[in-house]
Each structure stands twice: as C-alpha cells, then as structure tokens.
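Me: I am new to this structure and should like to go through it by question and answer. Please show the sequence and the model.

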Amino acid sequence: MIALALDVGSWILLVAGSFICVTGGVGMLRFPDFFTRIHAAGVTDTLGAGLIFTGLMLQAGLSLVLAKLVMILLFMLFTSPTASHAVAKAALHSGLEPQLDDVDDRSGVDS
Amino acid sequence: MTAVAVVLMRDLFAVVMLTGIYSLLSASFFVVFDAVDVAFTEAAVGAGISTLLMLSTLTLTGRYAKESTQKPWLALAIVTVTGALLIYGTLDMPTIGSASAPIHQHVAPRYLNDSMQEIAVPNVVTSVLASYRGYDTLGESFVIFTAGIGVLALLMVLQRRRASDVDAHGPMHQHLILRIVAKILIPLILLFALYVQFHGDYGPGGGFQAGVIFAAAIILYSMLFGLSAARQTISQPLIFALSAVGVLLYGGVGVACMLLGGNYLDYDALAEDPVAGQHLGILLVELGVGITVASVMIIIFFTFNGRSLSERGRRR
Amino acid sequence: MFLTATAAILVVMLMALIRAFLGPTLYDRILAVNMFGTNTVLLIAVVGFLMGRPEFLDIAMVYALVNFISVIAILRYFEYSPPDETVEHK
C-alpha cells in the first residue's frame, strides 16, 4: 500500500518536473529577448530540478542515497539562481539592454 | 565531431568550451560502459579543472589563434596513414566485452576474484589502483608533481607584498550575492572533497577526484574574493610544501613497508593482520595522492593568474 | 517512469543546444550552457536510478559543482576581456 502511494507520488512529481523543464526549454527557444530567456531558464530549471529530485527521493527510501539527493538538491537550490543572477548582472554590466515596449503606446498593442 | 571543430576553429574560447563538452561526452561514454570511477574523474578533471585552467591561460595568450602560414599537408598525410593503420589493427581485436579477450584472461580474473580476500575493500578499482598497481599510481603522482614544478619553473612570479592589488577593485568586487553564497558553499564543497577522498574504498572516489574537488573550491574562492586574499589564506610556502608532502607520503609508505620487512609498497607488512595493513596502506597512499593533486592544481591556477595580473599591471 | 523523465530531459538538452548555437548574444550562449549543465545533472541522477546504480549521484554532485564554477569562471573571463574586442595577440 505504502509502496503504491510512493510510486504514484514519484510518478506525479517526475512528470510534473519534466513538464516544467520542457516548458523552460521551449521558453528558451521562443522568448524574444535575453532577459526574458533568463526567466525561462533560471526559474524552470530550479523548480523542475526540485520536483524531479523530490520524486527520486520518494523512490530511494531512508538511506545514504536519500541523504545524497537532499545534498544535491540543496546545492542546486543555492547555485542555480545564483548563476542566473550572475549571468544577468554580467550582461547588464556589459551594456545589454532589455527590449522594452514603446512607452507612448498604452493600448497594449505591440508596435 | 567536437574534436574536428576543436582543431579547425581559431576562436580559442569556443575551443575551450568545446573541449569541455568533449570531456562531458567521454564521461557519458564511460558511464554507458559502467565505469563509474573513470566517469567521475573525467567529469571532474576534464569538464571542470581543465576548462578553468585553460580559461586562465586565455587571459594570458589572447582569444584568437594566429593564422598558420603554411598548410600542413605532410603532417596531415602522416596522420591519416597512421590513423588508418590503427583502425585496421582494431578490426582484428575481439568484440567489446567478450569473455575470451586476452585482457580478461590473465591478470584481471585474479584481481577480481582475490581482491575481497586479500584486501577486503568493496571498490575493486581502488584496490587495483592503490594496491595491486601501486607502482603505476606512484608514477602518476610523480607526473602530477613534475607538472607543477614545470609550471613553476617557467612561469613563477615571486609573490611581492603589494599594497594595492589590481584584483581588489575589479568588477567581481561588486558581486555581493555571489560572495555570500560562495561563503556558504565553499566549506560544504571542502567537506564533499574529504568525503570523496575517504569514501573511495566503498564507492567511486579516491585521491585524484578528491584533490580536484578540493582545488576547485579554492579556485572558486580565489575567483570571487581576489587572488591576493586567496594567497593570504593559502600561502606560497605552504602550497609548495604540501605538493611535496603528498608524494613523500606515498613514497614514505613504501619505505615503511620495506623497513617493516616486506617489499616496497607491500602493505601486508604494515599491521598485524595483512588485510588491516592493506587498508592502512591504501588510506595513506590515497591521502598522499589527494594532497599532491590538490596542491599542484592550486599552484598552476595561482601561477597562471598571478602572471596575468602582473602583465595587466604593466600594461596600464 | 524514469524513462519518461529521461526522454524529457534529453529533449530539453537538445533545445538548450539549439539556443547555444543560435543565441545572438554571448550571454544567450552562456545561459544555454548553464541550462545544459543543470540538465546533465538531472540526467545523471535519473539514469542512475533507471539503471539501478545510485553511485551515479556522486557524479551528479561533482558535475553540479563543475557547472557552477565554470559559469562563474566564464563570466569572470569576459569581465576581464570583453567580447567586443577582437584583439589578436601574438
């Protein structure tokens, strides 16, 4: 019974995590500008990784493997947003400008 | 394919990135072949430290390779012929993984069968590396040590007590978030290096990987906090001494074995029970390897960066 | 179960590679490489479970570390020599 619940939970988490990662990938390809792509890559990567690792943790049971998964997850939670921040800061510092809508046009239509 | 691109491209930065990807692909091949230790080392060294060190080199040499003035037709012909001969030679070899291949007949079965009784270390790779083939590993650590000495002989800039350091006012100085995150992470990375070092008996790991991870943590610190701060933490005499200590430890264990009655690097003589002796021997030897690898990597990185800093200072 | 996750991660890695080739600016490429690296970590972890060898998690940890340090190193390199100058040194 518990094994079944764990399996179902893992399935849901893994599928959700993969879906979010794929969404991030699609966003990388289709977003118009570098700074929007950072949103796609950074946010979805971290969230997708978190979900996938949690799904794997449910499969691992109480063991050293679980501890390792927790450590990798914590490490990625720390470093993935930091890396995105560093890339964004470096891009801004070197003069890359975000693509903005025209300020005069308030009707919501792109010019 | 990545290798062809590496050879043909002149943009050295892209070459460095492609080399990193090439190492990563090799590591995944090793994973497919079920060679976890090798994949571990390849991922850490090839994709990690090599990329870092080559990027440091690029700050010295500039980003684009010079146009070569003559087409190397003769060299290309020789390489093609040699390559074709090698491939022709492999046609005769037994298929991958077949049990009747010569490599599986002579020494390997003995290692695989007897390792548990003689050494009682679950990771056969470690037992082969550190005990059965201890001489080879001794040679490897000497090679690494020599590489460090070579870099020092060619590039060493004597550490001057400079009041102002070019690095302290560099752009990285403003990266507060990175520095805080790094301050939290670096101790954990060092702990992980220690874990890999001593867990090498039971899982993938061992001296080489642990040394590389340790050096990577110090390099991270040096990149974010400035070279002078890193040099104050890990002073030059200390790092020079450590690189020698590692190799001395390895050789010293061998000598101790001789003094206690066995052959050179015969760990059975180190303790009452031969298996305990093997464990002790492997522990000390791997520790020596780890210390040497870590210190030599740090020496190379500091030397490359110290040199580029002094050049930049002169250019201003 | 692990197969679907593996397939999805491989698809994402391919997309990141495409972006790395396309990306008009340098920073697009750096971002794509970082994403590729993160997905590699995920791939190693999931394939480890798929093949029943949890020892792969050590490799995943090492590669997460390597990925982070590489991105920082690349950014630092470009802060010292900005990509716009094509200086041909000797």
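Me: Is S10(A) buried or exposed?
Reply: This is a predicted model, and the place of S10(A) in it is in helix α1 of chain A. Its relative accessible area is 0%. Buried residues are those under 20%, so S10(A) counts as buried.

Me: With which side chain does the side chain of S10(A) make a polar contact?
Reply: S10(A) belongs to helix α1 of chain A. At a distance of 3.3 Å, its side chain makes a polar contact with a side chain of chain A, that of Q59(A).

Me: What is the area buried between chain A and chain C?
Reply: The contact draws 39 residues from chain A and 36 residues from chain C. Carbon and sulfur atoms give 82% of the buried area, which is about 3,600 Å².
In chain A, the residues that lose the most area to chain C are M28(A), L29(A) and F75(A), together 15% of what that side buries. The area asked for, between chain A and chain C, is about 3,600 Å².

Me: How many salt bridges does the rule find across the interface of chain A and chain C?
Reply: One salt bridge here joins K68(A) to D58(C), with the closest N and O atoms 3.2 Å apart. For salt bridges between chain A and chain C, the number found is 2.

Me: Which element gives the most residues to the side of chain A that touches chain C?
Reply: The elements of chain A that give two or more residues to this side are α1 (2-30), α2 (34-60) and α3 (64-93). The side divides into 27 nonpolar, 8 polar and 4 charged residues. The element that gives the most, with 13 residues, is α3(A).

Me: What percentage of the residues of chain C count as buried?
Reply: Chain C has 3 helices and 0 strands, and along the sequence its pattern is α-α-α. Among its contacts between residues at least 6 apart in sequence, 57% join residues at least 24 apart. Of the 90 residues of chain C, the buried share is 64%.

Me: How many salt bridges are counted between chain B and chain A?
Reply: In this interface, 11 residues of chain B are in contact with 10 residues of chain A. The buried area is about 890 Å², of which carbon and sulfur atoms give 80%. On the side of chain B that touches chain A there are 8 nonpolar residues, 3 polar and no charged. Between chain B and chain A, the count of salt bridges is 0.

Me: How far apart are the end C-alpha atoms of helix α2 of chain B?
Reply: This helix covers residues 12-32, and among its buried residues are F13(B), L18(B), G20(B) and V31(B). After α2(B) comes D34(B), whose phi is positive, near 70°. At 1.5 Å a residue, the 21 residues of the helix should span 30 Å, and the model agrees: the end C-alpha atoms are apart by 30 Å.

Methods: Residues numbered from 1 in each chain as written. Chains lettered and ligands numbered in written order. Heavy atoms only, no water. Contact = heavy atoms within 4.5 Å. Buried area = accessible area lost by both parts, 1.4 Å probe. Salt bridge = Lys/Arg side-chain N within 4 Å of Asp/Glu carboxyl O. Nonpolar A, V, L, I, M, F, W, Y, C, P; charged D, E, K, R; others polar. Helix = DSSP H or I, 4+ residues; strand = E, 2+ residues; numbered from the N terminus. Buried < 20%, exposed > 50% of the residue type's maximum accessible area, 1.4 Å probe, protein only. Polar contact = N/O pair within 3.5 Å; in protein donor to acceptor, adjacent residues only side chain to side chain. Expected span 1.5 Å × (residues − 1).
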